[in-house]
Amino acid sequence: MGKNVAKAKTTFLFCDGGSCKKANGEMAVREARAHLRNEELWDDTHTIRTRCNGRCEDAPTWIVEPGNFWYKNLTPEKAIEIVDGHTKNNQSIPEYLLFQDGWKNMVSDNERSLKPVVFNRKTDSEYGNVLVSRSSASDQYLYPLFKKLFEHFTGFRITFPNNVEIMISKKHQVEYTDVFDMIVSGEETNFKLAIGPITKVMEKDVAQEIKDRKVGVAEVIWDRENSEYIGYLRLKNRKGKFLMTISIPKSNNDAWNYFLSIYLNMDINKVMNLEF
Ligand code: FES
């Protein structure tokens, strides 16, 4: 029989993501679950494994509800204290907390500062003397980018291998329901691009054909001196094989601003005035 969630007063959400696994999170989970059973706390509590909680730097992490208590750097010993605190004493264990409702800031021992995206001046074999920024090739960035570009903007050019160029003047549909492929379809073009993550565990089961067209490298190229095109997004696979380029005309300011402010997460006003 499934869990009677109506009886559960406390819920433990154990992160089961890659970093938490690597940091031995499973040991803390095992101890916590064994403790809940043996202390006859099982029926009054619920335990759920989650995917990454987004705080890998503090792995292993848990969230305890109610109260939005975020725990960091879990060990089997801390696990028991936390379980007892919330179930027997109705109290959190503040020294192990990363965050709780009512706090203004997180208390992390391992805060990583995000590396800012930067443009570097380079002599590119295709575009000459330009500014180049290595950008994200993750589906979390590429899917929103393609969605916005093809469903919202028009007036840009796409180039495929063999120099097939298409000017996009109509809106297209973007779907990402497959495990790997994002599909762009409409009157002017129909293509698929593999953007779904291929993890190490999946690697041997994924067809070579998909790996070959999986985006592994993304670069934003800013050609400030060019009078026709202001910038490009060039996509390649992991081995450097060219997949496609999106070229943004100088007149399409909205699309270019989207690249800078949303895709690259830059402060447009600052970056526009920078000397490179
Ligand atoms: S894997 Fe647990 S927080 Fe990211």
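Quick ground rule for the names below: helices (H or I, at least four residues) and strands (E, at least two) are DSSP runs, numbered from the N terminus.

1. What we have. This is a predicted model, in which local features need pLDDT of at least 70, side-chain atom pairs count only at pLDDT 80 or more, and totals for chains, interfaces and linings use all residues. Residues are numbered from 1 along each chain as its sequence is written, and side-chain values use heavy atoms, with hydrogens and water left out.

2. Two cis prolines. Pro60 sits in the loop between strand E2 (45-50) and strand E3 (62-65), and the peptide bond joining Ala59 to Pro60 is cis, with omega about -10 degrees. Pro66 belongs to the loop between E3 and strand E4 (69-71); here the bond from Glu65 is cis too, with omega near 0 degrees.

3. A positive phi. Asn24 is in the loop between helix H1 (18-22) and H2, and its phi is near 70 degrees, positive although the residue is not glycine. For background, most residues other than glycine have a negative phi, and most peptide bonds are trans.

4. H2 on H3. Helix H2 (residues 25-38) packs against helix H3 (residues 76-88) at about 40 degrees, with the axes 8 Å apart (axes are lines fitted to C-alpha atoms, for helices over the stretch in contact, and angles run from 0 to 180 degrees between N-to-C directions). That makes H2 oblique to H3 (under 35 degrees counts as roughly parallel, over 145 as roughly antiparallel, 65 to 115 as roughly perpendicular, the rest as oblique). Residues of H2 in the contact (heavy atoms within 4.5 Å) include Met27, Glu31 and His35, and those of H3 include Ile80, Val83 and Asp84. By class, this contact has eight nonpolar, two polar and three charged residues (Ala, Val, Leu, Ile, Met, Phe, Trp, Tyr, Cys and Pro count as nonpolar, Asp, Glu, Lys and Arg as charged, and the others, Gly among them, as polar).

5. H4 on H6. The axes of helix H4 (residues 139-152) and helix H6 (residues 253-263) come within 11 Å and cross at roughly 160 degrees. That makes H4 roughly antiparallel to H6. Tyr141, Leu142, Pro144, Leu145, Lys148 and Leu149 of H4 meet Ala255, Tyr258, Phe259 and Tyr263 of H6. The class count for this contact is nine nonpolar, no polar and one charged.
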